[in-house]
Amino acid sequence: HITLTGEKHQGERTQWQSRVPQWGRGSAPKIGKWRRSPFARKVPVYNWSPQIQGIISSSLSYDLIPMMFLSGYLAGRVGTKRVVGVSLFATSLFTIFTPLVAELGLVSLIVTRIAQSNSQGSVLGGQHALWEKWGPPHE
C-alpha cells in the first residue's frame with residue numbers, strides 16, 4: 001500500500017496489478033513480468049492532519065442553515081424551479097471540480113466546499129418550498 005507520505009513499500013504491487021489473478025504453483029506458466037496498465041494513473045496522496053481533514057469535512061456545512069432560509073425566500077420570489085435547478089447545477093460543478101481544486105491547495109479546497117455548501121443549502125430550501133406547494137394540506 002502507499003503511505004501518507006507517498007512512499008511505496010518494496011515488493012508490493014500497484015492497484016491494477018493486485019486485480020490480476022495470481023496463478024498458483026503449476027497451475028499456469030508465468031509469462032514475462034508484471035506490466036502496468038496504460039490507463040493506470042498515480043493516485044494523489046495528501047498529507048493532511050486529522051484536524052485539517054475535520055476542517056475540510058465540516059466546511060461543507062458552514063453556510064448550510066442560513067442558505068436554507070435565504071433560498072426559501074428566493075424560491076418564493078423567483079420560482080422554486082429556478083432556485084433548485086441552478087443550485088443542483090452549481091453543486092454538481094463544485095463536486096466535479098473538487099479534485100482539481102484540491103491540487104491547487106488547501107484554502108481553495110475549503111472555499112470551494114463552502115461554496116458547495118451554499119448551493120446544497122439552496123437545494124434544501126427549495127425542497128421545502130416544493131413541499132409547501134405539493135404536500136398534503138394538513139402535513
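## Helix packing exercises

Ile52, Ile55, Ile56 and Ser57 of H2 meet Leu106, Leu109, Ile110 and Arg113 of H5 (contact: heavy atoms within 4.5 Å; helices: DSSP runs of H or I, at least four residues, numbered from the N terminus). The model is predicted, with local features needing pLDDT of at least 70 and side-chain atom pairs pLDDT 80 or more, while totals for chains, interfaces and linings use all residues. Residues are numbered from 1 along each chain, and side-chain values use heavy atoms, without hydrogens and water.

**Exercise 1.** Classify the contact of H2 with H5 by residue class and by angle.

*Solution.* Step one: the contact residues divide into six nonpolar, one polar and one charged (nonpolar: Ala, Val, Leu, Ile, Met, Phe, Trp, Tyr, Cys, Pro; charged: Asp, Glu, Lys, Arg; polar: the others, Gly among them). Step two: H2 (residues 50-58) and H5 (residues 106-134) pack at about 30°, axes 8 Å apart (axes are lines fitted to C-alpha atoms over the stretch in contact; angles run from 0 to 180 degrees between N-to-C directions). Step three: H2 and H5 are therefore roughly parallel (under 35 degrees).

**Exercise 2.** Find the relative direction of H4 and H5.

*Solution.* Step one: their axes come within 8 Å and cross at roughly 160°. Step two: H4 and H5 are therefore roughly antiparallel (over 145 degrees). Step three: the contact of H4 with H5 has 13 nonpolar, 13 polar and no charged residues.

**Exercise 3.** Identify the helices with lowest and highest confidence.

*Solution.* Mean pLDDT (the predictor's confidence in each residue, from 0 to 100) is lowest in H1 (residues 15-19), at 47, and highest in H4 (residues 80-104), at 91.

Technical notes. Helix = DSSP H or I, 4+ residues; strand = E, 2+ residues; numbered from the N terminus. Parallel < 35°, antiparallel > 145°, perpendicular 65-115°, else oblique.
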